[in-house]
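Welcome! Take a look at the sequence and the model, then read on.

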Amino acid sequence: MKAAIVMAAGEAPSYGDFTDPVHAPGKSLIRVTAASISQIARSRAAGRHYRDAGNFPVIPGVDGAGVAEDGQPVYFFLPDHPYGAMAEMTRVASSQVVRIPDALDPASAAAMAVPGMSSWAALVDRARLQQLMDSGQIRWSGQPPEQPSNEGILFPETYRIEAGADEEAVLRK
């Protein structure tokens with residue numbers, strides 16, 4: 001298959017041929033249609049990330065969108081080393097694959113996931129969102145969004161947080 005390949009730390013990826021991923025228990029093969037370029041992907045491609053230290057060659061890209069073997073459009077995260085998202089195919093743990101709605105284009109799905117998860121983590125960890133909700137300073141409007149699962153649909157609804165000292169602070173669709 002064709003892929004972007006990093007041969008050594010600090011080298012730019014080059015376009016070339018790479019061994020196709022093969023089936024393995026608990027793994028999914030994905031035909032990649034879009035890959036994101038995030039800070040973690042750049043760090044891994046440059047050989048500066050602990051997960052890939054000294055393990056070359058490698059295909060960069062930690063997440064993306066594609067088509068599963070059953071024909072469903074999916075988002076995937078953390079492909080198995082040495083495979084990455086910047087290739088025609090990748091292999092990833094089946095637990096790291098979620099279906100995306102047909103109406104969501106693959107490039108948008110690939111581009112929004114890591115920034116969205118990073119933002120959520122910042123809200124929960126840094127901004128103490130759960131503590132603010134427990135104290136009543138922020139509350140959900142309707143049901144809170146579920147954590148995506150491999151049986152679910154990625155980002156089925158969009159929510160917005162509105163916070164303030166008043167009683168009307170809510171998370172809105």
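A pocket here is an open set of grid points, on a 1 Å grid over the protein atoms alone, with protein on both sides within 12 Å along at least five of seven lines. Its volume is the space filled by probe spheres set on the points. With that in hand, the second largest pocket comes to about 150 Å³. Please keep in mind that this is a predicted model.

**Overall layout**

- The protein contains three helices and ten strands.
- Their order along the sequence is β-β-β-α-β-β-β-β-α-α-β-β-β.
- The protein has 173 residues, and 36% of them count as buried.

**The second largest pocket**

- Eleven residues line this pocket, and Ser28, Ala68, Asp70, Val74 and Val97 are the ones nearest its centre.
- Strand β7 (residues 97-99) contributes the most to the lining, with three residues.
- Sorted by class, the lining consists of four nonpolar, four polar and three charged residues.

**Nonpolar cores**

- In soluble globular proteins, nonpolar side chains tend to be buried together.
- Ten residues make up the largest nonpolar core: Ala34, Ala65, Tyr75, Val98, Ile100, Leu104, Ala109, Ala110, Ala113 and Val114.
- Helix α2 (residues 106-126) supplies the largest share of this core, namely four residues.
- Another core, of eight residues, lies apart from it and includes Val32, Phe76, Ala85 and Val92.

**The aromatic pair**

- How many aromatic pairs does the structure hold? There is one.
- The pair is formed by Phe18 and Tyr83, whose ring centres are 5.9 Å apart. Their planes stand at 80°, and over 60 degrees counts as edge-to-face, so this pair is edge-to-face.
- Distant parts of the chain are linked here, as the two residues are 65 residues apart. Phe18 sits in the loop between β2 (14-17) and β3 (27-35), while Tyr83 sits in the loop between β5 (73-77) and β6 (89-93).
- Are these two residues buried or exposed? Phe18 has a relative accessible area of 14% and is buried. Tyr83 is buried too, at 10% relative accessibility. Both values fall under 20%, the cut-off for buried.

- Ser36 belongs to the loop between β3 and α1 (39-45). Its relative accessible area is 8%, and Ser36 therefore counts as buried, since the limit is under 20%. The side chain of Ser36 makes a polar contact with the Asp63 side chain, at 2.3 Å.
- His81 is placed in the loop between β5 and β6. The His81 side chain reaches the backbone oxygen of Asn55 at 3.2 Å. The C-alpha atoms of His81 and Asn55 are separated by 8.5 Å, although the two residues are 26 residues apart along the chain.
- Ile59 can be found in the loop between α1 and β4 (63-68). With 2% relative accessibility, Ile59 is buried. Ile59 and Pro13 are 46 residues apart in sequence, yet their C-alpha atoms are 8.1 Å apart in space.

How values were computed: Residues numbered from 1 in each chain as written. Predicted model: local features only at pLDDT ≥ 70, side-chain atom pairs only at ≥ 80, totals over all residues. Heavy atoms only, no water. Phe/Tyr/Trp six-rings, centres within 6.5 Å; stacked < 30°, edge-to-face > 60°. Buried < 20%, exposed > 50% of the residue type's maximum accessible area, 1.4 Å probe, protein only. Core = buried A, V, L, I, M, F, W, Y, C linked by side-chain atoms within 4.5 Å. 1 Å grid on protein atoms, 1.4 Å probe; cavity = no way out; pocket = protein on both sides within 12 Å on 5 of 7 lines; lining within 4 Å. Nonpolar A, V, L, I, M, F, W, Y, C, P; charged D, E, K, R; others polar. Polar contact = N/O pair within 3.5 Å; in protein donor to acceptor, adjacent residues only side chain to side chain.
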